[in-house]
Amino acid sequence: MMYLDTGFLPSKDGFGFANTWRDVVLGVIASRGRCGGMVFAALDAFVAGAPLPPGSHDRTLPEHDSPLARWIWRRQLDSIVVLPGANIARFARFTYLPSGGPLGVGAATRQSLLTLFDLLRSGRPAPLGLVSGLGLPHIARNHQVLAYAADFREDDVVVRIYDPNRPLRDDVVLEVPLDPSAAVEERGGGKPRTWRGFFVEDYSPRPVPA
């Protein structure tokens, strides 16, 4: 067994408001929030050792035309469609992977644990793309969170995450059985949720606005 912890804490290093944004990406894709932008922005500040901008710890959502909201929106685009963080193709791939077999989403998720292990061991939290269901209707239901610690045990891995939908909670985890046929369960800070799997997202840091 091995426990890895980067020192990130959602209650201290995450945003105080919940991910309740409503946007349209590229003029056609309805977004269920700015989870990727909030994850990337929080990670930017943590990597830089800098505080989040004023208003970040408020419980109310920033005004859409505020500097904080614009920064999170830019990082949302970075997290899905702008190189080098173009993760939308990986979301599409994982969404269409079969559920079982050596090439299925379960096996791919367990392979991603190796990448996650290396990042956490280096001291850097890792953005994760969570996959909701199989097929096109589920792409908009996918989600992005930040893994900041993990307990690698004999039969499973418990990944501690910052989930922008569950702000200020240090008890939110992903339970990942090593059995690739088993689903990933998110628990803590609300109703439990089942995910088909996840991948470690591409991420490049950006400067934190003052």
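Student: What joins β5 to β6, and through how many residues?
Tutor: A hairpin of three residues joins β5 to β6. Strands here are DSSP runs of E with at least two residues, helices are runs of H or I with at least four, and both are numbered from the N terminus. This is a predicted model, where local features need pLDDT of at least 70, side-chain atom pairs count only at pLDDT 80 or more, and totals for chains, interfaces and linings use all residues. Residues are numbered from 1 along each chain as its sequence is written, and side-chain values use heavy atoms, with hydrogens and water left out.

Student: How many bridges are there between β5 and β6?
Tutor: Six, and the strands run antiparallel. Strands count as paired if DSSP finds at least two bridges between them. F152 stands opposite V157 in β6.

Student: Which other strands does β5 pair with?
Tutor: β1 (residues 2-5) is joined to β5 by four bridges, antiparallel. There, L4 faces A150. β4 is joined to β5 by five bridges, also antiparallel. In that pair, L130 sits opposite H143.

Student: Is β5 mostly covered or uncovered?
Tutor: Mostly covered: nine of the 10 residues in β5 (143-152) are buried. Buried means under 20% relative accessible area, exposed means over 50%, and partly exposed lies in between, with a 1.4 Å probe and protein chains only.

Student: Which residues of β10 are buried on each side?
Tutor: G197 and F199 are buried on one side, F198 and V200 on the other. Both faces of β10 (197-200) are covered. In a regular strand, side chains alternate between the two faces of the sheet.

Student: Why does G37 count as buried?
Tutor: G37 counts as buried because its relative accessibility is 0%. From G37 to A48 is 11 residues in sequence and 16 Å in space, C-alpha to C-alpha.

Student: New topic. How far does α5 reach?
Tutor: 24 Å from first C-alpha to last, over 17 residues (105-121). That is close to the 24 Å expected at 1.5 Å a residue. The expected span is 1.5 Å times one less than the number of residues.

Student: Which residues of α5 are buried?
Tutor: Among them are V105, A108, R110, L113, L116, F117 and L120. Just after α5, G123 has a positive phi of about 95°.

Student: Last one. What lines the second largest pocket?
Tutor: It has 14 lining residues, with P53, P54, S66, P67 and L68 nearest its centre. The lining divides into nine nonpolar, three polar and two charged residues. Nonpolar means Ala, Val, Leu, Ile, Met, Phe, Trp, Tyr, Cys and Pro; charged means Asp, Glu, Lys and Arg; the others, Gly among them, are polar. A pocket is an open set of points on a 1 Å grid over the protein atoms alone, where a 1.4 Å probe fits, with protein on both sides within 12 Å along at least five of seven lines; lining residues have an atom within 4 Å of a point.
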